[in-house]
Amino acid sequence: QLQLVESGGGLVLAGGSLRLSCAASGLPFSNYYMAWFRQAPGKERELVAHISDTGNYQYYPQRAKGRFTISRDNAKNTVYLQMNSLKPEDTAVYYCAGKHPAKNEYDYWGQGTQVTVSS
């Protein structure tokens, strides 16, 4: 099992920044693709960013391009999400997720961390 624990959420003013962290344990972290998802009240969970096992490849959907940056430190078993220019619509619970490259779906999830952006 890959255990994931997020931290770094909180309340921030619109235009501000936050850095989320996700600490992994239980399996070789460097073998796993990692991602950040978010879910706002009444909405479906959506992908925010994805990073390959080596960190050499990142993917961002349009909603995150230019504002969010995903990174990982395999020596520290940690993946990060730097969020800049935050907007009230970024308010959501943010989840860290992991999957083996051979899998289609993310099957390891953290408990989530709340991010609230006030206008």
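**Aromatic pairs and a nonpolar core**

At 75% relative accessibility, Pro-41 counts as exposed (over 50%; buried is under 20% and partly exposed lies in between, with a 1.4 Å probe and protein chains only). Please keep in mind that this is a predicted model, where local features need pLDDT of at least 70 and side-chain atom pairs count only at pLDDT 80 or more, while totals for chains, interfaces and linings use all residues. Residues are numbered from 1 along each chain as its sequence is written, and side-chain values use heavy atoms, leaving out hydrogens and water.

**Around Pro-41**

- Pro-41 sits in the loop between strand S4 (33-39) and strand S5 (46-51); strands are DSSP runs of E with at least two residues, numbered from the N terminus.
- Its C-alpha atom is 8.6 Å from that of Val-93, a residue 52 places away along the chain.

**Aromatic rings**

- There are three aromatic pairs to look for, a pair being rings of Phe, Tyr or Trp (its six-membered ring) with centres within 6.5 Å; planes under 30 degrees apart are stacked, over 60 edge-to-face, and the rest tilted.
- Tyr-32 and Tyr-108 make an edge-to-face pair, because their ring centres are 6.0 Å apart and their planes meet at 80°.
- This pair links distant parts of the chain, 76 residues apart: Tyr-32 is in the loop between strand S3 (18-25) and S4, and Tyr-108 is in strand S10 (residues 108-109).
- Both Tyr-32 and Tyr-108 are buried.
- Phe-37 and Trp-109 have ring centres 4.9 Å apart and planes at 55°, so this pair is tilted.
- Since Phe-37 belongs to strand S4 and Trp-109 to strand S10, the pair ties together parts 72 residues apart in sequence.
- Phe-37 counts as buried at 12% relative accessibility, whereas Trp-109, at 28%, counts as partly exposed.

**Charges over rings**

- Arg-45 lies over the face of Phe-37, 6.0 Å from the ring centre (the criterion is NZ of Lys or CZ of Arg within 6 Å of the centre and within 35 degrees of the ring normal).
- Arg-72 lies over the face of Phe-29, at 4.3 Å from the ring centre.

**The nonpolar core**

- The largest nonpolar core has 29 residues, of which Met-34, Trp-36, Val-79, Leu-81, Met-83 and Tyr-94 touch the most other members; such a core joins buried Ala, Val, Leu, Ile, Met, Phe, Trp, Tyr and Cys residues through side-chain atoms within 4.5 Å.
- Elements giving two or more residues to this core include S3, S4, S5 and strand S7 (68-73).
- S3 gives the most, with four residues.
- Leu-81 has contacts (heavy atoms within 4.5 Å) that include Leu-18, Trp-36, Val-48 and Tyr-94, not counting residues up to four places away in sequence.
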